[in-house]
Amino acid sequence: MDDAVPDPPPVEEAPEPAYDPAAPAPLNVPRTPTGDADVDAVLARLGDADHLATDGHVEVYEDVHRGLRDALTALDARPGPPAPPRTHEHRS
């Protein structure tokens with residue numbers, strides 16, 4: 001009787017996946033809070049691009065751009081300080 005233990009079958013290693021430049025990859029772009037809650041919420045949306053393939057980034061960027069543009073437009077709509085009274089000059 002042969003007490004030799006047979007060698008285990010070779011373990012097949014999975015091939016490394018090919019590099020896909022369009023695959024999701026975190027951008028790791030720091031986002032510093034601005035102090036404006038509405039603007040910070042819009043900028044936080046940029047993090048969604050980290051989980052999307054490259055072709056999905058455009059939608060996120062357009063959404064962020066729209067949100068920032070709306071925030072700037074809202075600044076123009078806010079009432080500011082009253083305008084100084086107009087003086088009428090009388091010339092004789």
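Helices here are DSSP runs of H or I, at least four residues long, and they are numbered from the N terminus. E62 lies in one of these, helix α2.

Some ground rules. This is a predicted model, so local features need pLDDT of at least 70 and side-chain atom pairs count only at pLDDT 80 or more, while totals for chains, interfaces and linings use all residues. Residues are numbered from 1 along each chain as its sequence is written, and side-chain values use heavy atoms, with hydrogens and water left out.

Now the packing. Helix α1 spans residues 37–44, and α2 spans residues 57–77. Their axes sit 9 Å apart, at an angle of about 170 degrees. Axes are lines fitted to C-alpha atoms over the stretch in contact, and angles run from 0 to 180 degrees between N-to-C directions. That makes the pair roughly antiparallel, a label for angles over 145 degrees.

Who touches whom? V39, V42 and L43 in α1 meet V64, G67, L68 and A71 in α2. Contact means heavy atoms within 4.5 Å.

Next, burial. Buried means under 20% relative accessible area, exposed means over 50%, and partly exposed is in between, with a 1.4 Å probe and protein chains only. In α1, the buried residues are V39, V42 and L43. They fall within an arc of 95 degrees seen down the axis, so they line one face of the helix. The arc uses directions from the helix axis to the C-beta atoms. On the other side of α1, A37 and A41 are exposed.

Back to E62. At 47% relative accessibility, E62 counts as partly exposed. Its C-alpha is 14 Å from that of A44, 18 residues away along the chain.

Conventions:
Helix = DSSP H or I, 4+ residues; strand = E, 2+ residues; numbered from the N terminus. Parallel < 35°, antiparallel > 145°, perpendicular 65-115°, else oblique.
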